[in-house]
Every structure is written in structure tokens, then in C-alpha cells.
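Please read the report below alongside the sequence and the model.

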Amino acid sequence: VRNTSYMFITGPEVVKAVLNEDISKEDLGGSNAHASISGVAHGQYNNDIEILMGVKELFNYMPLSNKECPPETIWTEADEKNQQSTKLLDNIVPDLSLIHI
């Protein structure tokens, strides 16, 4: 949960004692640090209800038992255009048709 849940091996007090640097719990191991930098968390949520709904959504990608295949999702061109990572990749990977060699 944003601004209330933290995950780190040691706290800001130890960082201050060892490195003489001030750092907040949120910057050291809050939801933003793990969802956007370390990749430890899949998402960020504002409250427990949102977390439970997010977990419920993730379970939709799993089979009901080990004897079933996972549910299939048809990926459309609209899904591709709306995918955030695709938009980011468009800025990283150059369009070869625009490169004149």
C-alpha cells in the first residue's frame, strides 16, 4: 500500500549511521521504489481493497488447477497500441525505415 508498506533489509536509521545519508522509508523500500525501480513489486495500490482486486485480477491469468491450461487471451492490435511497454519501446528501438544508410 502506498506510503504505508515498506520492504528493506535494514532501515533508514542504519543507512544514516553507516553512510551518514538521510533517506526516507518510502525512498528506501516503499511501493514506488519496488514497483518502478527494483521490479520486486508488480504494482502499487492505494488501499487493501485495491490490493485484493489486483490479486484477483492476477489469478485470472492462472489455471484453476495444475491439470488445466492457463486461460487464453486474444491479443488484439488495439491491445498492442495501448500497452505501455510498447509505447516505451517505440522510443528506444529506432524505426529502421527512418534510418538512411
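## A charged pair

Lys16 counts as partly exposed, because its relative accessibility is 34%, where buried means under 20% relative accessible area, exposed over 50% and partly exposed in between, computed with a 1.4 Å probe on protein chains only. Its partner in a salt bridge is Asp22, and the closest N and O atoms of the two are 3.4 Å apart; a salt bridge is defined as a side-chain nitrogen of Lys or Arg within 4 Å of a carboxyl oxygen of Asp or Glu. Asp22 itself is exposed, with a relative accessible area of 68%. By this rule the count comes to one salt bridge.

## Basis of the model

The model is predicted, so that local features need pLDDT of at least 70 and side-chain atom pairs count only at pLDDT 80 or more, while totals for chains, interfaces and linings use all residues. Residues are numbered from 1 along each chain as its sequence is written, and side-chain values use heavy atoms, with hydrogens and water left out.

## Overall fold

The protein has six helices and zero strands, where helices (H or I, at least four residues) and strands (E, at least two) are DSSP runs numbered from the N terminus. Read along the sequence, this gives the pattern α-α-α-α-α-α. Of the 101 residues of the protein, 12% count as buried. Among the contacts (heavy atoms within 4.5 Å) with a separation of 6 or more, 27% are accounted for by residues 24 or more positions apart.

Glu26 lies in helix α2, which spans residues 25-29. Leaving aside residues up to four places away in sequence, Glu26 touches Asn3, Tyr6, Ser31, Asn32 and Ala33.

In helix α3 (residues 31-38), the buried residues are Ser31, Ala33 and His34, and what covers them includes α2. Just after α3, Gly39 takes a positive phi of about 80°.

## The largest pocket

The largest pocket has a volume of about 180 Å³. On a 1 Å grid over the protein atoms alone, a pocket is an open set of points where a 1.4 Å probe fits, with protein on both sides within 12 Å along at least five of seven lines, and lining residues have an atom within 4 Å of a point. Of the 14 residues that line this pocket, Val1, Ser5, Ser31, Ala41 and Gly43 are the closest to its centre.

Thr4 is placed in the segment before α1 (12-19) and is exposed, with a relative accessible area of 55%. Thr4 and Asn47 are 43 residues apart in sequence, and their C-alpha atoms are 9.3 Å apart in space.

Pro71 is found in the loop between α4 (48-59) and α5 (77-82), and at 44% relative accessibility Pro71 counts as partly exposed. Pro71 and Tyr61 are ten residues apart in sequence and 6.1 Å apart from C-alpha to C-alpha. Not counting residues up to four places away in sequence, Pro71 touches Asn60, Tyr61, Met62 and Pro63.

How values were computed: Grid points are joined across faces, edges and corners, and a volume is the space filled by probe spheres set on the points.
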